[in-house]
Amino acid sequence: MELYDHQPTGEVLPLSDYEIERGKSMPSFNHGSIQANLTALLHAYKNYRTVSEVSLSLADWPSVPDLSIYPKRPLDFQNDQIKVKEVPLAVVEIISPSQSLNELTDKARRYFEHGVQSCWLVLLPLTTICVFSSVNNYTYFRAHETLEDQALGITLPLKEVFE
């Protein structure tokens with residue numbers, strides 16, 4: 001990972017502790033708002049547990065997706081996990097202002113290599129979510145449409161995500 005962040009303006013800034021620790025770009029206000037909206041909407045799916053910013057330890061690759069979706073299971077408050085080795089069913093990555101689309105598609109590829117069934121890439125400037133069912137198979141859903149993740153049986157009105 002670079003120790004410097006190259007801004008769209010051409011400015012080069014040192015990475016923050018957050019970025020170094022998590023291996024990802026610093027989230028923005030819009031990023032955090034959309035992440036919260038997605039979490040709230042996904043909560044309606046009682047057969048899944050949505051986890052925000054959990055550190056994954058997937059074999060040879062540490063990662064911190066914005067959201068991870070697991071099968072529903074009780075929380076074990078006596079044995080919490082700092083680094084989760086269980087592969088999530090799905091992950092959601094939300095583009096940050098300093099990230100490139102290539103970074104996100106590379107992450108999607110790696111998630112699939114580790115057994116994730118679905119990967120959502122949220123493209124904030126386009127108010128679009130791209131749902132990948134495999135590395136080369138994806139569908140775009142725009143803000144006025146209803147997202148459908150066929151692998152998980154999830155449908156979400158994107159108007160509510162992007163409000």
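Colleague: What should I know about the model and its numbering?
Modeller: This is a predicted model, in which local features need pLDDT of at least 70 and side-chain atom pairs count only at pLDDT 80 or more, while totals for chains, interfaces and linings use all residues. Residues are numbered from 1 along each chain as its sequence is written, and side-chain values use heavy atoms, with hydrogens and water left out.

Colleague: How many helices and strands does the protein chain have?
Modeller: The protein chain has four helices and 13 strands, taken as DSSP runs (helices H or I, at least four residues; strands E, at least two) and numbered from the N terminus.

Colleague: And what share of the residues counts as buried?
Modeller: Of the 163 residues, 40% are buried, meaning under 20% relative accessible area with a 1.4 Å probe, protein chains only.

Colleague: In the open sheet of three strands, what is the order?
Modeller: The order is β5-β4-β7, with mixed pairing; two strands pair if DSSP finds at least two bridges between them. β5 (61–63) and β7 (83–84) are the edge strands, each with a single partner, so one side of each has no neighbour in the sheet.

Colleague: How do β4 and β7 run?
Modeller: Strand β4 (residues 55–58) and β7 run parallel and are joined by two bridges. Ser-55 has Lys-83 in β7 as its bridge partner.

Colleague: Changing topic, where is Leu-152, and is it buried or exposed?
Modeller: Leu-152 sits in the loop between β12 (146–149) and β13 (154–157). Leu-152 is buried, with a relative accessible area of 7%.

Colleague: Which residues does it touch?
Modeller: Beyond neighbours within four places in sequence, Leu-152 is in contact (heavy atoms within 4.5 Å) with Tyr-48, Ile-69, Leu-89, Ala-90 and Gln-117. Leu-89 is 63 residues from Leu-152 in sequence, yet their C-alpha atoms are 8.0 Å apart.

Colleague: Which residues touch the most other members of the largest nonpolar core?
Modeller: Among its 42 residues, they are Leu-38, Trp-120, Val-122, Ile-129, Ile-154 and Leu-156. Such a core is a set of buried Ala, Val, Leu, Ile, Met, Phe, Trp, Tyr and Cys residues joined through side-chain atoms within 4.5 Å.

Colleague: What does Leu-38 touch?
Modeller: Setting aside residues up to four places away in sequence, the residues touched by Leu-38 include Leu-67, Val-92, Ile-94 and Val-161.

Methods. Buried < 20%, exposed > 50% of the residue type's maximum accessible area, 1.4 Å probe, protein only.
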